[in-house]
Amino acid sequence: MRRIAFLWVGLAAACIALGAAAAFETRATKLQAIKTVGIVSAIGEEMSLTQAGLTALGNTGQSVSISAWGLDELIVRQATKLLSGRFRVQPVNYRRAAFATIRDSAVAPVNLLRSDPFKELVRSDVTPQGLDAYIVITRARSKLGNGRNVEGVGLTEYRTLLADYGLIHALYEVRVIDGKTFDVIEKRAAAPLDNTGTVRIAGPSGAVNEPFEGSASSERLRSAITDLIIRSLPLTLGDMHLIDGP
């Protein structure tokens with residue numbers, strides 16, 4: 001009986017491995033077939049301001065408009081430059097607010113069960129239709145050390161009884177959506193650029209060593225967030241096999 005059980009376990013493991021290999025082969029085949037792409041970006045219209053840590057319990061986050069920074073336009077330009085070596089990138093029109101308002105459910109299993117909400121939005125809101133694929137870049141979510149969620153572009157003050165830290169973040173995820181079937185070919189959240197800070201977050205982020213105060217604060221903050229995006233985007237697209245690794 002034990003031998004039979006081992007055989008069943010081995011067979012199940014082999015089936016899982018073959019299924020994973022087939023899925024990878026399918027994604028690779030679909031990516032190889034892509035010639036024309038359009039780029040949709042919807043992460044940069046607002047920035048969250050969050051206080052976290054023991055001394056900030058009960059505080060609620062705030063947000064401010066940063067539409068004047070033009071982060072989404074920057075992302076489209078950078079992604080176009082990076083992807084043009086492999087694909088023919090065509091400009092597309094879309095309602096940025098429609099993409100920006102979509103949020104994952106706070107209950108993780110719900111996200112696994114429901115259809116990806118961006119599929120239908122690409123079908124209904126992006127023109128022109130008929131490209132081989134659409135690269136959709138939207139906000140991602142992560143947790144701070146105390147379990148509080150943060151997403152997209154933000155500035156967080158992380159306070160404890162013994163220390164005070166600042167953290168900026170630009171959290172986003174990239175989807176490759178088939179332009180004919182509207183299936184999600186690939187999806188990946190941008191990874192941390194480094195993970196050596198005292199406060200860690202699952203995405204592009206950086207420590208703040210000085211307060212953003214005074215008339216120059218907005219420009220310095222914009223430059224810092226822009227730097228996170230410019231450095232992380234080629235790494236993320238490389239991890240997705242959309243461009244050659246840096």
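**Notebook: salt bridges and confidence**

I began with D183, which forms a salt bridge with K119, the closest N and O atoms being 4.0 Å apart. The pair links distant parts of the chain: D183 sits in the loop between β10 (172–178) and β11 (184–189), and K119 in helix α5 (residues 117–125), 64 residues apart. D183 is partly exposed at 32% relative accessible area, and K119 is partly exposed at 23%.

I note that this is a predicted model. Mean pLDDT for the chain is 80, with 71% of residues at 70 or more.

R123 and E120 meet at 3.1 Å, N to O. Both lie in helix α5, three residues apart, about one turn of the helix. R123 is partly exposed at 41%, as is E120 at 44%.

Then I took R96 and D72, whose side chains meet in a salt bridge at 3.7 Å, N to O. R96 lies in helix α3 (residues 96–100) and D72 in helix α2 (residues 71–83), so the pair ties together parts 24 residues apart in sequence. Is D72 buried or exposed? D72 counts as buried, because its relative accessibility is 0%. R96 is partly exposed at 22%.

Methods: Residues numbered from 1 in each chain as written. Heavy atoms only, no water. pLDDT = per-residue confidence, 0-100. Helix = DSSP H or I, 4+ residues; strand = E, 2+ residues; numbered from the N terminus. Buried < 20%, exposed > 50% of the residue type's maximum accessible area, 1.4 Å probe, protein only.
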